[in-house]
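Hi,

Here is the structure I promised to pass on.

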Amino acid sequence: MKNNRTISQWGCYFLVLSMFMITGCAKDEIPEVKKTTTPTPTPADTIVPLKTLFGKMFPIGAAVASNQVLSSAIQYNTLRKHFSSITPENCMKPDAIERVKGVFTWAEADRIVAFAQANNMKVRGHCLTWHSQTPDWMFYDENGALLSKEVALKQLKEYITAVVSRYKGKIYAWDVVNEALSDWTPDANDMYRKDSPWYKICGDASYIDSAFVYAHRADPNAKLFYNDYNEIYGWKRNKIYNLVKGLKDRGIPIHGLGMQAHWNVGFSENDIRTTLDLYKTLGVDLQLTELDLSVYKSDTDASSTVYTTAFSESQELAYPKLFKIIADYKSYITGVTFWGVADDYTWLDKSDRKAFPFLLNTNHQPKKAYGAVQKMIKAL
Ligand code: G3I
């Protein structure tokens with residue numbers, strides 16, 4: 001027994017001694033355990049602003065709420081430092097511009113456009129025709145009945161003409177029609193979102209053609225986009241392709257396809273490349289219009305309000321992988337816009353679940369993922 005204990009004691013001493021020799025550490029300097037929170041950002045002084053980093057490829061944009069631009073110095077400075085394009089997140093939607101028929105509210109949209117002009121930024125207009133965030137008077141009469149196609153399209157024409165004309169020469173690209181296609185079915189015959197009041201009023205999707213024609217007449221130089229989400233999944237990818245191809249074949253003035261790019265760190269490279277390979281054959285500008293890369297791969301991932309090391313590491317891998325793909329298609333991609341500015345505000349956030357989807361952290365400092373993207377782009 002005595003002997004055994006002595007042998008095991010010697011065994012322990014030997015183990016500690018070998019760890020010391022291998023690691024070169026004293027016993028109380030055991031290598032740091034992986035931290036679970038607050039990874040250090042990329043040092044600011046090594047950072048190239050996004051608009052410089054991507055300057056030779058495309059404008060790099062952010063969606064903003066006008067109150068952010070106006071009331072927050074940090075937002076104002078970040079936008080000016082990093083972005084060469086801007087998209088109003090909500091204030092150019094129909095329910096913001098003309099909530100009451102005949103009463104136009106331009107103030108917020110004007111402010112954003114003025115801010116962009118003063119800072120040499122491009123503006124993407126978002127959005128002219130949508131089933132959501134559209135006032136009832138565009139769809140229903142005073143009794144709540146759907147309008148006739150004739151009345152609804154006349155109103156749509158007046159609305160689009162008013163908005164596009166006001167910003168003629170100031171807004172270079174418009175999302176003319178947003179999210180008109182049906183989801184979650186691969187059936188090519190089930191192409192359109194049939195519960196959209198626009199579809200119900202027209203009995204078909206002819207309002208899409210009309211919207212593009214109205215916008216083109218109001219500003220013949222503006223680039224006109226169809227914009228949608230779930231674009232990288234087979235069932236939707238093909239519908240979007242067919243829609244844009246059909247518009248082009250019919251001579252409708254469409255110049256671009258907006259891929260919203262609401263993705264997450266688990267995106268499939270193959271899905272994105274397959275999509276870009278298909279869309280590049282359309283002969284229109286391709287833009288990522290609403291990019292965010294949530295740290296959650298699915299709704300069932302555990303929620304957090306803290307940016308953990310695990311989140312940081314996943315974005316450090318995912319973001320350069322994504323921008324490498326984008327860079328590979330740079331001759332087709334004419335713009336990339338994040339659907340927000342920095343992790344302090346995103347439409348994805350809930351009180352108990354923050355999505356941390358951007359390259360700038362909640363303090364607007366470059367995340368590690370930013371450094372990784374910069375390194376990858378510089379090495380190209
Ligand atoms: O304006 C009202 C305000 O009067 C009210 O007090 C407040 C209370 O909740 O709500 C305000 O409206 C909100 C609006 O954003 C403006 O802040 C709506 O509730 C809210 O639902 C709305 O969300 C927007 C969403 O579109 C609506 O569908 C998001 O901010 C905006 O990021 C999001 O953007 C869409 C794109 O337009 C199209 N692609 C998908 C993308 C994400 O959903």
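Let me start with a charge and a ring: the charged end of arginine 124 sits over the ring of phenylalanine 225, 4.8 Å from its centre. By "over a ring" I mean that NZ of Lys or CZ of Arg is within 6 Å of the ring centre and within 35 degrees of the ring normal. Lysine 354 does likewise with phenylalanine 356, lying over its face at 5.4 Å from the ring centre.

Before you go further, some housekeeping. This is a predicted model, where local features need pLDDT of at least 70 and side-chain atom pairs count only at pLDDT 80 or more, while totals for chains, interfaces and linings use all residues. Residues are numbered from 1 along each chain as its sequence is written, and side-chain values use heavy atoms, with hydrogens and water left out.

Now the overall picture. The protein has 13 helices and 9 strands; these are DSSP runs numbered from the N terminus, with helices being H or I of at least four residues and strands E of at least two. Among contacts with a separation of 6 or more, 77% come from residues 24 or more positions apart, a contact being heavy atoms within 4.5 Å.

Back to the rings. Searching the whole structure turns up 19 aromatic pairs. Rings of Phe, Tyr and Trp (its six-membered ring) pair if their centres lie within 6.5 Å; planes under 30 degrees apart are stacked, over 60 edge-to-face, and the rest tilted. Tyrosine 307 and phenylalanine 311 have ring centres 6.4 Å apart and planes at 40°, so that pair is tilted. Both of these residues are buried. Phenylalanine 311 also pairs with phenylalanine 356: the centres are 6.1 Å apart and the planes at 40°, so this pair is tilted too. It links distant parts of the chain, with phenylalanine 311 in helix α12 (residues 309-328) and phenylalanine 356 in the loop between β9 (333-338) and α13 (368-379), 45 residues apart. Phenylalanine 356 is buried, at 3% relative accessibility. Elsewhere, Phe54, Phe58, Phe83, Tyr319, Phe323, Phe338 and Phe358 form one aromatic cluster.

Next, helix packing. α12 and α13 pack at about 30°, with axes 8 Å apart; axes are lines fitted to C-alpha atoms, for helices over the stretch in contact, and angles run from 0 to 180 degrees between N-to-C directions. The residues of α12 that meet α13 include Tyr319 and Phe323, both of which belong to the aromatic cluster above. On the α13 side, Ala372 and Met376 are among the residues involved.

Helices α7 (residues 149-166) and α9 (residues 206-218) have axes that come within 9 Å and cross at roughly 35°. Their contact includes Leu153 and Ile160 of α7 and Tyr207 and Tyr214 of α9.

You'll find glutamate 89 in the loop between β2 (85-88) and α5 (94-97). Leaving aside residues up to four places away in sequence, glutamate 89 touches Ala63, Val64, Ala65, His126, Trp339, Tyr345 and Trp347.

Cheers

Definitions and conventions. Buried means under 20% relative accessible area, exposed over 50%, partly exposed in between (1.4 Å probe, protein chains only).
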